[in-house]
Amino acid sequence: MIKDVTAVPFKSGDWNTTMNVYDFVVKNIRPYQGDASFLSGISAKTNRLWDVVKKELLKERAKGGVLAIDTETISNMTAFAPGYIKKEDEVIVGLQTDQLLKRAMKPFGGIKLVESAVKEKGLTVSERVIDIFNYAKNHNEGVFNAYDSEIRAFRSKHVLTGLPDNYARGRIIGDFRRLALYGADQLIKFKKADLNKVGGEMTEHKVRLREEINSQISALKDMITMAAAYGCDVSRPAENAREAVQWVYFAYLAAVKEQDGAAMSLGNVSSFLDIFIERDLKAGLITEEEAQEIIDQFVMKLRLVRHLRPGSYDEIFGGDPTWVTEAIGGTLHDGRTKVTKTSFRFLQTLYNLGSSPEPNLTVLWADGLPEGFKRFCAQVSIDTSSIQYENDDLMRGTRGSDDYGIACCVSYQEIGKSIQHFGARANLPKALLIALNGGKEEIDGVEVIKNIPALPEGPLEYNQVMGVFKQTLTELARVYAKAMFIIHYMHDKYYYERAQMALVDTDPRIDIAYGAAGISIIADSLSAIKYAKVTPIRDERGLTVDYKIEGEYPKYGNDDDRVDNIAKEITHFFITELRKHNTYKGSKPTLSLLTITSNVMYGSNTGATPDGRKKGEPFAPGANPMHGRDCSGAIASLNSVCKLDYRDAQDGISNTFSMIPKSLGDTREEQVNNLVTTMNGYFNKMAHHLNVNVLNRETLMDAYEHPENYPQLTIRVSGYAVNFVRLSRAHQLEVITRTFHESM
Amino acid sequence: MLYFPLQDLEAAALNLDDPEHLRIHSLETFGTHDGPGVRMVVFVQGCQFRCVYCQNPDTLDVHGGMLIGIDELVKRADRQRSYFGKDGGVTVSGGEPLLQRNKLTTFFKALHAIGINTCLDSNGRLNDAATHELLEHTDLLLLDVKHINDEWHHKLTGLTNKNTLDLAAHRESTGKRMWLRYVLVPGWTDQPEFLEEWAKHFTRYKTVDRVEIIPFHQLGSHKWDLLKMNYPLKGLEGPTLEGKKAAVHTFNKYFNNVVLK
């Protein structure tokens with residue numbers, strides 16, 4: 001057997017002379033049509049490492065979710081000495097700090113939030129760091145310098161929530177493959193060439209660009225230094241499979257050492273790495289077990305990414321997620337599948353290391369995906385409830401690229417060519433209540449929107465309500481757009497993502513990803529007003545406190561066009577309004593129907609709604625129907641969500657689907673087949689996203705009572721997965737009450 | 001209250017009156033237990049058998065349930081066809097579908113016209129020309145043969161098994177596919193000699209692709225209480241693991257594809 005990689009050269013092309021990872025992938029990818037039978041189990045080294053990690057993870061949970069915090073150091077690529085789990089067993093090295101699971105301070109998003117997170121754990125930020133911020137400004141401060149009273153009112157009244165104005169915005173995906181394919185030296189050359197092109201008469205744009213490119217170059221130099229501390233030379237390209245994985249990981253590690261954005265995705269690295277792995281296998285340099293070992297250890301490292309978060313953050317993003325989202329599968333424009341053996345190897349980590357919420361494994365489902373892969377995905381879903389699915393045919397067709405990853409939970413992002421600015425979300429039911437209260441917020445009675453006419457006494461009249469609601473949404477869109485402009489301007493200014501941006505084309509296209517929560521409540525509320533008789537009950541201040549609903553009305557989640565079309569109409573209206581406003585750097589508005597776990601928080605801050613939902617009750621997650629109202633069976637429920645138009649919500653339409661195992665069929669074979677068929681059916685109807693949970697409710701109840709028995713129990717929530725036992729009690733109960741689809 | 005009296009005259013009316021509508025009990029959009037693949041399952045209303053172990057006594061009364069247009073059902077099936085894949089489709093179960101065989105022929109023809117697979121879950125009690133016509137439009141018959149011994153079949157259902165066995169023979173003669181179903185009830189249907197006899201009766205059938213053993217359970221018990229009917233098997237335990245294994249073992253001697261549900 002040959003033992004030399006040069007005997008198996010890569011196919012050359014445009015990628016040899018210009019920055020073009022895509023060209024490398026297209027020329028060299030080896031699609032795999034087979035089944036999962038080639039996969040290896042866990043290696044002895046990985047097993048020993050994982051044992052160490054599991055013990056530390058238990059300690060972390062026992063200590064309230066945080067094992068240790070470094071309160072002296074401002075984290076960046078080179079701030080910490082190298083950290084190891086058990087050096088002699090690590091084939092992939094690198095930790096965010098010098099100690100496993102120790103969290104670091106990244107205060108440029110907002111020093112206040114860092115201070116409170118540290119204080120909650122009974123520690124204090126060092127005086128030196130505090131003092132630095134007596135001189136240096138951070139993102140949070142910049143934003144609040146520019147906010148106006150309108151934005152502040154919308155924010156404090158929970159109309160706009162989760163805005164990245166006091167923490168890092170995240171969502172920007174570097175093309176981490178670039179470091180492996182080109183090495184940092186070549187990347188610096190490309191960036192220098194870009195810099196030299198920005199000349200002539202200066203504009204604000206050009207000045208900013210010149211500064212950005214130089215920050216990126218400094219980041220690439222720091223990557224070299226960071227990797228050198230681990231004995232690796234990333235100034236040159238990776239020369240074998242282990243190095244390719246290691247280089248990609250270093251590039252990602254650079255990003256998570258510098259930034260603690262809410263969601264920091266990995267991109268779509270698996271089939272790129274497969275090219276190196278297959279070459280090494282062919283050259284006889286590694287065995288299948290070693291190939292799996294490299295991937296297992298890479299994924300183990302990704303599971304250990306930690307950020308420092310305060311308790312308040314947990315309300316919005318429950319379960320301490322990091323969204324190391326990796327998109328697996330999909331299709332090339334030329335019709336070939338992007339499924340490779342390494343797509344399987346990534347999923348196999350859920351067996352070798354047990355189920356886990358991170359990395360957030362996202363399968364890009366296409367009608368033409370190889371059958372063997374579809375079946376393996378379904379099997380892994382049934383066994384672990386750890387993966388989510390997105391419609392590759394839909395995204396590729398609508399958005400245009402066949403080389404994209406998933407930013408945050410569910411949203412398409414072309415890798416290396418475009419980025420996205422995270423826009424948190426607007427509370428639509430709150431907006432409806434403001435509309436029904438003449439512009440006043442329904443709980444405190446403070447006027448937040450002017451010139452909304454008061455509605456006449458008596459039952460609500462649909463056209464009147466629709467009129468004032470749309471007027472409210474128009475105002476909401478205007479204020480929302482202002483807030484996002486300010487936030488992203490300041491984030492670039494005070495907390496620029498130099499590590500990720502060093503791995504993205506200079507001056508990329510940008511999406512501004514707005515979001516909306518509570519679409520199912522809106523649909524049901526407006527349907528109730530239209531088809532039943534809804535009379536507001538008002539208190540002495542004239543504010544609605546409840547609604548008297550007489551008669552039946554169609555509910556979202558039952559494949560009934562009468563109500564499903566209302567959800568469509570409002571989504572279309574809202575994005576149309578958002579598109580009318582200025583955006584920072586000319587970014588293009590998109591919208592998500594997604595809540596993360598904030599559906600619980602939104603609910604607790606929102607009064608009773610005309611659909612019969614009581615004050616404080618949680619919203620349904622994402623675009624899901626409200627709990628228990630989708631009573632026409634699983635498929636009717638899926639069909640309602642399918643109708644939402646992806647063109648109106650290109651940042652994603654999240655649907656979380658929970659089934660008991662038995663409901664999928666009698667035998668395991670049938671369960672796998674039926675899940676594949678269901679997903680084919682759902683995605684053929686142009687649906688965008690599906691979280692798949694295959695669990696018994698009793699398992700969750702038992703885990704609620706005895707968390708110690710379920711350290712790795714994973715469940716998909718809205719666009720991501722969590723360790724069930726790391727959710728707050730309120731979130732756990734909310735998950736347990738969700739609709740589980742069972743058979744008669 | 002005891003059983004509804006057997007409703008022969010009403011049953012005839014059920015088949016003939018209101019040809020555009022089916023009398024149904026309920027719909028399941030994500031059926032995975034009644035035929036292959038993912039299926040829309042229509043549970044029709046009304047049955048002539050009075051099985052002591054009936055899990056759905058609320059489907060017995062031919063006057064119960066609700067009427068739904070056949071057009072409407074076809075429309076619904078069409079909206080779900082994307083999920084059916086290559087194996088799935090529509091199953092009509094019950095109650096006893098053959099009580100509405102003429103209407104079901106209309107329904108199945110309409111489904112076939114738009115390329116949807118049809119499956120019928122029946123006790124095989126009615127065996128006339130109209131039934132035969134329906135079976136022509138039935139891609140897969142799920143035939144419940146509740147006992148091989150006629151005396152026991154009477155005790156179990158109130159009626160003879162002769163019609164059911166004849167219908168099985170008819171299906172075999174047409175060469176069209178079927179699955180046989182057998183509910184395993186301790187003390188009622190688990191006698192080793194009768195299991196053996198049942199299996200021998202069908203072992204040479206070429207149209208039987210699968211045999212399903214459905215262990216008796218108490219999940220339907222509350223429905224009897226709700227209907228204020230006296231549940232003959234109240235408190236009876238489902239078959240033990242050994243009991244199930246024994247039945248599977250026996251059937252495995254005679255059939256290639258035995259599934260314990």
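Biologist: Where is A:Cys409 found in chain A?

Modeller: A:Cys409 is found in the loop between strands E7 and E8 of chain A. Strands here (E, at least two residues) and helices (H or I, at least four) are DSSP runs, numbered from the N terminus. This is a predicted model, in which local features need pLDDT of at least 70, side-chain atom pairs count only at pLDDT 80 or more, and totals for chains, interfaces and linings use all residues. Residues are numbered from 1 along each chain as its sequence is written, while chains are lettered from A and ligands numbered from 1 in the order in which they are written.

Biologist: Which residues does the UniProt annotation "active site" cover?

Modeller: In the unreviewed UniProt entry, that annotation covers A:Cys408 and A:Cys409. UniProt positions are given in the numbering used here, feature names are shortened, and annotations may be inferred rather than shown by experiment. A:Cys408 is also in the loop, between E7 (404-407) and E8 (411-414) of chain A.

Biologist: Is A:Cys408 buried or exposed?

Modeller: A residue is buried if 20 or more other C-beta atoms lie within 10 Å of its own, exposed if 12 or fewer, and partly exposed in between, with C-beta atoms placed from the backbone. A:Cys408 is buried because 29 other C-beta atoms lie within 10 Å. A:Cys409 counts as buried too, with 31 C-beta neighbours inside 10 Å.

Biologist: Which residues does A:Cys408 touch?

Modeller: Two residues are in contact if their C-beta atoms, placed from the backbone, lie within 7 Å. Leaving out residues up to four places away in sequence, A:Cys408 touches several residues, including A:Gly170, A:Arg171, A:Trp323 and A:Phe422.

Biologist: How should I read chain A overall?

Modeller: The radius of gyration is taken over C-alpha atoms, and the globule rule is 2.2 Å times the number of residues to the power 0.38. For 744 residues, a compact globule would have a value near 27 Å, and the 25 Å of chain A agrees. Chain A has 25 helices and 19 strands, and buried residues make up 58% of its 744 residues. Of the contacts in chain A with a separation of 6 or more, 80% are between residues 24 or more positions apart.

Biologist: What does UniProt place at residues 33-253 of chain B?

Modeller: The unreviewed entry places the feature "domain: Radical SAM core" there. That span is 38% helix and 18% strand, and its end C-alpha atoms lie 24 Å apart.

Biologist: How many bridges join strands E7 and E8 of chain B?

Modeller: Two strands pair if DSSP finds at least two bridges between them. Seven bridges join E7(B) (residues 178-184) to E8(B) (residues 208-215), and the two run parallel. B:Tyr182 has B:Ile213 in E8(B) as its bridge partner. E8(B) also pairs in the parallel sense with E9(B) (residues 258-260), over three bridges; there, B:Glu212 is partnered by B:Val259.

Biologist: What unit do E7(B), helix H7 of chain B and E8(B) make?

Modeller: A crossover is right-handed if, with the strands pointing away from the viewer, the path from the first strand over the helix to the second runs clockwise. E7(B), H7 (residues 192-202) of chain B and E8(B) make a right-handed β-α-β unit.

Biologist: Where is B:Leu143 found?

Modeller: B:Leu143 is found in strand E6 (residues 140-144) of chain B. B:Leu143 is buried, with 21 other C-beta atoms within 10 Å. Among the residues that B:Leu143 touches are B:Met178 and B:Leu180.
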